[in-house]
Amino acid sequence: MHDKTLAELARGLAAGDFSSRELTTSLLARIKRHDPAINSFITVTEEQALEDADAADALRHRGEAGVLGGLPLAYKDIFCTEGVRTSAGSKMLDNFIAPYNATVVEKLRHAGTVSLGKTNMDEFAMGSSNENSYYGPVKNPWNPTLVPGGSSGGSAAAVAAGLAPAALGTDTGGSIRQPAAFCGITGLKPTYGRISRYGMIAYASSLDQAGPMARTAEDCAMLMNAMAGHDARDSTSVARNVPDYTQDLDKPLNGLKIGLPVEYFGEGLAPEVESAVREAVKVYESLGAQVIDVSLPHTRLAIPAYYVIAPAEASSNLSRYDGVRFGHRCEDPADLEDLYKRTRAEGFGDEVKRRILIGTHTLSEGFFDAYYRKAQQVRRLIRQDFLDAFTRVDVLMGPAAPTTAFELGAKADPVQMYLQDIYTIAINLAGIPGISVPAGLADNRPVGLQILGPHFGEAHLLNVAHVYQQATDWHQRRPEIKE
Ligand code: GLN
């Protein structure tokens, strides 16, 4: 059962081949057996999972189950879940029990899904390897000496290892797409504003977006149907109709215009990643697509602009962790100043402190115009690059990451780590959607093809990804895990 897609599991449940309790029990057993070596979960909510499963089975009995009824999911530990620890991968929130559900969690629960638990992540979603977690690194199920990518590495690893058929992640600069690529699964970063951020612990609010991580584009589409939509509690969520994302999945691709950004095939791209991506593009040509070269001239400014804007927003968002209302508090503070200082010194890890320092600096008087305002102007140019490209092509394609998964500990220099996001970060700055789909294996390490579309074009992206998955079997490859 652990090898099946969400769509297959949904059919099995509908046909009565197995119950949600049977499915859930078998996954919980797999998590017990395999997760100690992978470390993809921070919290497993066994009792709740079984209760959810029984409730879903009862609904099905009465003929009232929806499409997602009884399907088990895992949540990145950045989504608030009522009554369950929500740590954001930080010591700061190790003792934090969320008093309410994030809107997406609420919507998926309403759709009848089963919650298996909360997955491991880089602290406050800052990182590209999952090595910044207070709960220890996650191991890549394809090879335990490799990282799974980050910051949604726990979600990616859990799906790749067959511990959960699908999971939720968040993507601020690549955190859904890069781990999906490293673990050989499909991950969608929707348009900014498509999904409510209410109840998602904030990292960089103008960039953060939740999205599905699953085996296939079809599974991502099924989840999007439940996740997307306006939320009165998130003023940046967009009031715009939610299409049925599964409806046009099979639409033929003849005449599709694909743009290859020349900047995405230059220096720094590993040859084995480049050749897998070019092979994938050939598959699209054989399906009737037309390929042209395009340019996104401001690409090289994306990382510098992001590493001004994201830390600035983070320094503001993370100021709430002061030891007063919730989260970690230092022992015996001498006074208020001491409470703040020691609480934050003890509660945050090194990368988080680095970002708070950078962000506080760039927002401070005298530097704001030179750094923050300038970065916002650059952001505007980056967005315009994409808008211009989409007047000529329907989608853009390229690698999701410059390399395949690297060894744990290989990128001790933070700048080397930041360069991992070279192909993903501009997408968040522009607010457009992007999806990573498995497109090859190099030395038994998955390669991800990234497909980008215009704002609110996720239904089309899912169609483009799905048709590729009908023509190839990379998404069906699984890591070998000793039973
Ligand atoms: N790696 C990037 C960072 O560390 C992006 C992380 C993310 O998307 N959450 O900020």
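**Active site and cavities**

Reply: The UniProt annotation "active site", from an unreviewed entry, covers K76, S151 and S175. Keep in mind that this is a predicted model.

Me: How far apart in space are these annotated residues at most?
Reply: They are spread over 100 residues of sequence. Even so, they cluster in space. The largest C-alpha distance is 10.9 Å.

Me: Which of these residues is included in the lining of the largest cavity?
Reply: The annotation names K76, S151 and S175. The lining of the largest cavity includes one of these residues, and that is S175.

Me: Where does S175 lie, and is S175 buried or exposed?
Reply: S175 sits in the loop between β4 (166-170) and α6 (177-183). Its relative accessible area is 5%. Buried means under 20%, so S175 is buried.

Me: Is S151 buried or exposed?
Reply: S151 lies in the loop between β3 (114-119) and α5 (153-160). Its relative accessible area is 0%. The cut-off for buried is under 20%, so S151 is buried.

Me: Which annotated residues does S151 contact?
Reply: Leave aside neighbours within four places in sequence. The contacts of S151 then include N120, M121, D122 and A125.

Me: How far is the backbone nitrogen of S151 from a polar atom of the side chain of S175?
Reply: Not counting residues up to four places away in sequence, S175 touches K76, A125, G127, G150, S151, S152 and T170. From the backbone nitrogen of S151 to a polar atom of the S175 side chain is 2.7 Å.

Me: What is the volume of the largest cavity?
Reply: There are four cavities of 30 Å³ or more. The largest cavity is lined by 14 residues, with A125, G127, S175, Y306 and D421 nearest its centre. Its lining divides into five nonpolar, seven polar and two charged residues. The space in this cavity is about 70 Å³.

Me: Which element gives the largest share of the lining of the second largest cavity?
Reply: The second largest cavity has a volume of about 50 Å³. Its lining includes W142, G184, P438 and R477. Two elements give two or more residues to that lining, β10 (434-442) and β11 (445-452). The largest share is four residues, and it comes from β10.

Me: How do the lining residues of the second largest cavity divide?
Reply: Among these residues are L441, P446, V447 and W474. The lining divides into seven nonpolar, two polar and one charged.

Definitions and conventions
Residues numbered from 1 in each chain as written. Predicted model: local features only at pLDDT ≥ 70, side-chain atom pairs only at ≥ 80, totals over all residues. Heavy atoms only, no water. 1 Å grid on protein atoms, 1.4 Å probe; cavity = no way out; pocket = protein on both sides within 12 Å on 5 of 7 lines; lining within 4 Å. Points joined across faces, edges and corners; volume = space filled by probe spheres on them. Nonpolar A, V, L, I, M, F, W, Y, C, P; charged D, E, K, R; others polar. UniProt positions renumbered as here; feature names shortened; annotations may be inferred. Buried < 20%, exposed > 50% of the residue type's maximum accessible area, 1.4 Å probe, protein only. Contact = heavy atoms within 4.5 Å. Polar contact = N/O pair within 3.5 Å; in protein donor to acceptor, adjacent residues only side chain to side chain.
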